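Colleague: Could you take me through this structure? I would like to ask a few questions as we go.

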Amino acid sequence: MIAFVSGGARSGKSRHAEALACALHAARGGQRWYLATARASDDEMTARIARHRRERDDGWHTLEAPLALEAALAEVGEGDSVLLDCLTLWASQWLYAGGGSEAEGEALLARLIETARGRDIALVVVSNDLNEDLPPTDAETWRYLAFLQRLHGRLAREADRVVEVVAGLPIDWKPAGELDEETLE
C-alpha cells in the first residue's frame, strides 16, 4: 500500500497522514516508522520538530534521513508501516544540500516505491502542494517547483491512495478500498 497525502502548509496533512499510517499499522501489524526529512535549521523548525515528536505516541520508531531515504528504508522490516514526512523538505535538500541531480532524485523515488512494494511496506508520503501560490518570479524557484511536481506526479500515479487535505478536511482523489474513513477517526 502506497499513499500520498498532500496539502498546503498547516492544512492538517501530517496529522491525517499519521492517522492513516496508524490505521494501516493496526490492520497489518508490524512496526510503525516515522521517516523524518526535516533538519532543525532554525528556531521555528526546531520547535516544529519537537512538537511533532511530542504528539506521536511511543509506538513509533523514528529514522532521521534528510537525504538518505534508501538507507533509512533499508532499516524497516518487511510488512512494516512507514510515514515519510515530508517529501517537500527532502526535495529541497536533495537539490540544494548535495543530494544529486533532479534525474537521480526522481530515480530514487521510483526505487523507494519499488522497494516498499517489493517488501510489503505500507508507505505513506506527505508533501506540500506548493503550486497553489502565486507563480514564482525566479528561475531557481521554478526549477524546484517543477522537480517537486514531477515527484508528486510519479507518486500520484503509483500510489494506491491519493489524499489532499484542505483546512483539515481530507479529499480522496484516488481512494483505496483497504481502509474507510471511520478507521482514521
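This is a predicted model: local features need pLDDT of at least 70, side-chain atom pairs count only at pLDDT 80 or more; totals for chains, interfaces and linings use all residues.

Colleague: Which residues of α4 are buried?

Modeller: They are Leu87, Thr88, Trp90, Ala91, Gln93, Trp94 and Leu95. Helix α4 covers residues 87-96, and seven of its ten residues are buried, so the rest of the structure largely encloses it.

Colleague: What comes just after α4?

Modeller: Gly98 is found there, and its phi is positive, at about 90 degrees.

Colleague: Let us turn to strands. How many residues of β1 are buried?

Modeller: Six of the six residues in strand β1 (residues 2-7) are buried, so the strand is mostly covered. Ile2, Phe4 and Ser6 point one way, while Ala3, Val5 and Gly7 point the other way, and all are buried.

Colleague: And which strands does β1 pair with?

Modeller: One partner is β5, which pairs with β1 in the parallel sense over six bridges. Within that pairing, Ile2 stands opposite Leu123. β1 also runs parallel to strand β6 (residues 161-166), joined to it by five bridges. There, Val5 has Val163 as its bridge partner.

Colleague: New topic: pockets. What is the volume of the largest pocket?

Modeller: Its volume is about 700 Å³. The lining consists of 30 residues, and Ser14, Arg48, Arg51, His52 and Asp85 lie nearest the centre of the pocket.

Colleague: Which element supplies the largest share of that lining?

Modeller: Helix α2 does, with nine residues. Elements that each supply at least two residues include α1 (13-28), β2 (32-36) and β3 (60-64).

Colleague: How does the lining divide into nonpolar, polar and charged residues?

Modeller: Eleven residues of the lining are nonpolar, eight are polar and eleven are charged.

Colleague: I also noticed Glu18 in α1. Is Glu18 buried or exposed?

Modeller: Glu18 has a relative accessible area of 17%. Buried means under 20%, so Glu18 counts as buried. Beyond its neighbours within four places in sequence, Glu18 is in contact with Glu55, Arg56, Trp60 and Leu83.

Colleague: Finally, where does pLDDT stay under 50?

Modeller: That applies to residues 178-185, for which the model has 18 contacts beyond four places in sequence. For the protein chain, the mean pLDDT is 88, and 94% of the residues reach 70 or more.

Definitions and conventions:
Residues are numbered from 1 along each chain as its sequence is written. Side-chain values use heavy atoms; hydrogens and water are left out. Buried means under 20% relative accessible area, exposed over 50%, partly exposed in between (1.4 Å probe, protein chains only). Helices (H or I, at least four residues) and strands (E, at least two) are DSSP runs, numbered from the N terminus. On a 1 Å grid over the protein atoms alone, a cavity is a set of points where a 1.4 Å probe fits but cannot get out, and a pocket is an open set with protein on both sides within 12 Å along at least five of seven lines; lining residues have an atom within 4 Å of a point. Grid points are joined across faces, edges and corners, and a volume is the space filled by probe spheres set on the points. Ala, Val, Leu, Ile, Met, Phe, Trp, Tyr, Cys and Pro count as nonpolar, Asp, Glu, Lys and Arg as charged, and the others, Gly among them, as polar. pLDDT is the predictor's confidence in each residue, from 0 to 100. Contact means heavy atoms within 4.5 Å. Two strands pair if DSSP finds at least two bridges between them.
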